[in-house]
Amino acid sequence: MVETALSAHPAKEPRRITVVSGGAVGADYYAHAGALKAGGKTVLVMACGIGSGYLIKNEPLRKRVEEVGCIISEYPPGTKVTRFSFPVRNRIMSALALTTVVVEAPEKSGALITANHALEQGREVFVIPGSPDSEDYAGSNALLRDGARPLLDASDIFNEYIPKFPDKIDIANAYKKRENAAKTEKTEKIPENGKKILSETLSKEAKIVYNHLDKHKFYPEEITGTGLDSQQLLAALTELEIELLIHALPGGCYEKC
């Protein structure tokens, strides 16, 4: 479940779409990470107090969001998360976003709560269709049956909002930046020692972990000799995943990019 909101930057400085989500694992994580990697803005709405320690492995992601976006919570600092706080929180995400995008929703899903909030708030709801035989998409397909708009490609979002906000969305510039980045990556020289040059923005722990990866595919428990505890190791892996240096696979395995 991912929510998106249009950028509020001034018209004289065209930007892109801002991603609003909840900072959980899965689609939320990749929505934030993708926005950050593209140099965009993102807003994280927490279902607990800031500083509560929720999802410690996502702490590097939250720190990055703090730097280039913002973190929002209606709870006092340190308040622990409960199963009731998620559906309550979701009304804030839908209110911040002009459009709610449902990626995957079973019949009983928090994403459906967000979608209902969005409809009550007069927001658009887009849904990625799924197989009618899959229980994972039962809620998603029900939204489509009831009138939600299908999302088959990112252009469906752009085609909806570029005419409404031509001064705030500069897709041509975004594609140009992506092409330039791809060209730079292809022409980047490989150091003589064969090791990839790591970004200066990476933490010391993330650099240590990356330099100890001696397999293309690996499990966290196979990484040895770093001197880091389990929480530091998971945080470092999350940071490396945000930077697209590694990629998570099913079953708790990772691979180097």
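## How α2 meets α9

Helix α2 (residues 59-68) and helix α9 cross at roughly 50°, and their axes come within 7 Å. Axes here are lines fitted to C-alpha atoms, for helices over the stretch in contact, and angles run from 0 to 180 degrees between N-to-C directions. The two helices, α2 and α9, are therefore oblique to each other. Angles under 35 degrees count as roughly parallel, over 145 as roughly antiparallel, 65 to 115 as roughly perpendicular and the rest as oblique. Helices (H or I, at least four residues) and strands (E, at least two) are DSSP runs, numbered from the N terminus.

On the α2 side, P60, L61 and R64 make the contact. Contact means heavy atoms within 4.5 Å. By class, this contact of α2 with α9 has four nonpolar, one polar and two charged residues. Ala, Val, Leu, Ile, Met, Phe, Trp, Tyr, Cys and Pro count as nonpolar, Asp, Glu, Lys and Arg as charged, and the others, Gly among them, as polar.

Helix α2 has these buried residues: P60, L61, R62 and V65. Buried means under 20% relative accessible area, exposed over 50%, and partly exposed in between (1.4 Å probe, protein chains only). The buried residues of α2 pack against α1 (27-37), β3 (42-45), β4 (70-72) and α9.

## About the model

This is a predicted model: local features need pLDDT of at least 70, side-chain atom pairs count only at pLDDT 80 or more, and totals for chains, interfaces and linings use all residues. Residues are numbered from 1 along each chain as its sequence is written, and side-chain values use heavy atoms, with hydrogens and water left out.

## The whole chain

The protein chain has nine helices and 10 strands. Of its 257 residues, 37% count as buried. Take the contacts in the chain with a separation of 6 or more: residues 24 or more positions apart account for 62% of them.

The chain exposes about 14,500 Å². Carbon and sulfur atoms supply 55% of that area. Accessible areas come from the Shrake-Rupley method with a 1.4 Å probe; for residues, only the protein chains shown count as cover.

## How α8 meets α9

Helix α9 (residues 230-242) also packs with helix α8 (residues 204-211). Their angle is about 85°, and their axes are 8 Å apart. That makes α8 roughly perpendicular to α9. From α8 come E205, A206, V209 and Y210. They meet L233, A236, L237, E239 and L240 of α9. By class, the contact of α8 with α9 has seven nonpolar, no polar and two charged residues.

K204 also lies in α8. Is K204 buried or exposed? K204 is exposed, with a relative accessible area of 62%. K204 and A236 are 32 residues apart in sequence, but 8.8 Å apart in space, C-alpha to C-alpha.

## The largest nonpolar core

A nonpolar core is a set of buried Ala, Val, Leu, Ile, Met, Phe, Trp, Tyr and Cys residues joined through side-chain atoms within 4.5 Å. The largest one here has 14 residues. V209, L213, F218, I223, L237, L240 and I246 touch the most other members. Helices α8 and α9 each supply at least two residues of this core. Helix α9 gives the most, with four residues. In soluble globular proteins, nonpolar side chains tend to be buried together.

Look at I223 up close. Leaving out residues up to four places away in sequence, I223 touches V209, H212, L213, F218, L233 and L237.

S85 is in helix α3 (residues 85-96). At 4% relative accessibility, S85 counts as buried. Beyond its neighbours within four places in sequence, S85 is in contact with A47 and Y75. S85 and M46 are 39 residues apart along the chain, and their C-alpha atoms are separated by 9.1 Å.

H117 lies in helix α4 (residues 110-120). H117 counts as buried, at 19% relative accessibility. Not counting residues up to four places away in sequence, H117 touches P87, N90, R91 and S94. H247 sits in strand β9 (residues 246-249). H247 is partly exposed, with a relative accessible area of 33%. Its contacts, neighbours within four places in sequence aside, are C253, Y254, E255 and C257. H247 and K217 are 30 residues apart in sequence and 9.4 Å apart in space, C-alpha to C-alpha.
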